[in-house]
Amino acid sequence: MIDSHTHIYMSESFPEGCADAVDRAVAAGVHTMILPAVDRESASEVAALHAACPVQTRTAMGLHPTEVGEDWKEELDDIIKLLSPTRPVAIGEVGIDLYWDDSNINLQKEAFIAQLKLAKTLGLPVIIHCRDGLDVCLECLQKIDEIPELVFHSFTGSPEDVRRIRQLCDPYFGINGVVTFKNSGSLPEAVKEIGIDRILLETDSPYLAPVPKRGRRNESSYLPFINAKIAEILGLSPEETDQATTRNAKLFFKI
């Protein structure tokens, strides 16, 4: 399995050692983990864990929408400096987040569009964070001459949301532990709408631990629980879901 989105590099969340968490994931059958940065500080942590575990990890670099401030261009420049030494497989996570604060919506839009253009220039796919901001996110994508390959990470939307997005592009969708929750809403139906050929597995560790680990710190070793739930929803075996989503991730990230 490939964990397409994990913040397992966060030393505050893994005081016992991030590399140990990587080892637990490998033991659970997760052979590759994508580490997306969210700001300049996390970009350094991403680079450090990748240096310690270069076989099991890949990096992604970006400025998260909740981290966008008046100095976002300077911060993004600092992140870009790590592109060459870490050889990222994606730009991300980037996007629109209006859940916590919508006062900086214009700055978020500017930073998102700039990073979409950067990804296209570099020939890299984009990991999108979109929370309470689908309309704005789609608006930004419409302003790009040529949309890069995309994954809507931590997707928890409805089948109608999937159809709206597909009117503009044909992205992948990252499905995490939320799909195992009793209160997952219409997400199981959205998973059916998406189909196995466009699903990537993710934990979004250390957040959103899946059932039966809910309430604990999440980690990449819990990915098999998400894989099993998706298999159940789609009427597939866990092995079939593992093979398909691993293939999808390898195609998307070119690994």
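1. C18 is buried, its relative accessible area being 13% (buried: under 20% relative accessible area; exposed: over 50%; partly exposed: in between; 1.4 Å probe, protein chains only).

2. The model is predicted: local features need pLDDT of at least 70, side-chain atom pairs count only at pLDDT 80 or more, and totals for chains, interfaces and linings use all residues. Residues are numbered from 1 along each chain as its sequence is written, and side-chain values use heavy atoms, with hydrogens and water left out.

3. For C137, the closest cysteine sulfur is that of C130, at 4.3 Å, again too far for a bond. The count of disulfides is 0. C137 is buried at a relative accessible area of 0%.

4. C137 belongs to helix α6 (residues 134-142), where L134, V136, C137, L138, C140 and L141 are buried. Helices (H or I, at least four residues) and strands (E, at least two) are DSSP runs, numbered from the N terminus. The cover over the buried residues of α6 includes β4, α5, β5, β6 (150-152) and α7.

5. Which elements line the largest pocket with two or more residues each? The pocket has a volume of about 960 Å³, and the elements are α2 (40-52), β4 (90-97), β5 (126-131) and α7 (159-166). Of its 36 lining residues, H64, E93, H129, H153 and D204 are the closest to the centre. The lining divides into 13 nonpolar, 12 polar and 11 charged residues (nonpolar: Ala, Val, Leu, Ile, Met, Phe, Trp, Tyr, Cys and Pro; charged: Asp, Glu, Lys and Arg; polar: the others, Gly among them).

6. Pockets and cavities are found on a 1 Å grid over the protein atoms alone: a cavity is a set of points where a 1.4 Å probe fits but cannot get out, a pocket is an open set with protein on both sides within 12 Å along at least five of seven lines, and lining residues have an atom within 4 Å of a point. Points are joined across faces, edges and corners, and a volume is the space filled by probe spheres set on the points.

7. H5 sits in the loop between β1 (2-3) and α1 (18-27) and counts as buried because its relative accessibility is 0%. Its side chain makes a polar contact of 3.4 Å with that of H153 (N or O atoms within 3.5 Å; within protein, one able to donate a hydrogen and the other to accept it; residues adjacent in sequence count only if both atoms are side-chain atoms). Beyond neighbours within four places in sequence, the contacts of H5 (heavy atoms within 4.5 Å) include E93, H153 and D204.

8. The second largest pocket, of about 160 Å³, has 13 lining residues, with R58, R87, P88, V89 and I255 nearest its centre. By class, its lining has 6 nonpolar, 4 polar and 3 charged residues.

9. There is 1 cavity of 30 Å³ or more. The largest share, 3 residues, comes from α3. The lining has 7 nonpolar, 2 polar and no charged residues; L76, I79 and Q115 are among them.

Technical notes. A disulfide is a pair of cysteine sulfur atoms within 2.5 Å.
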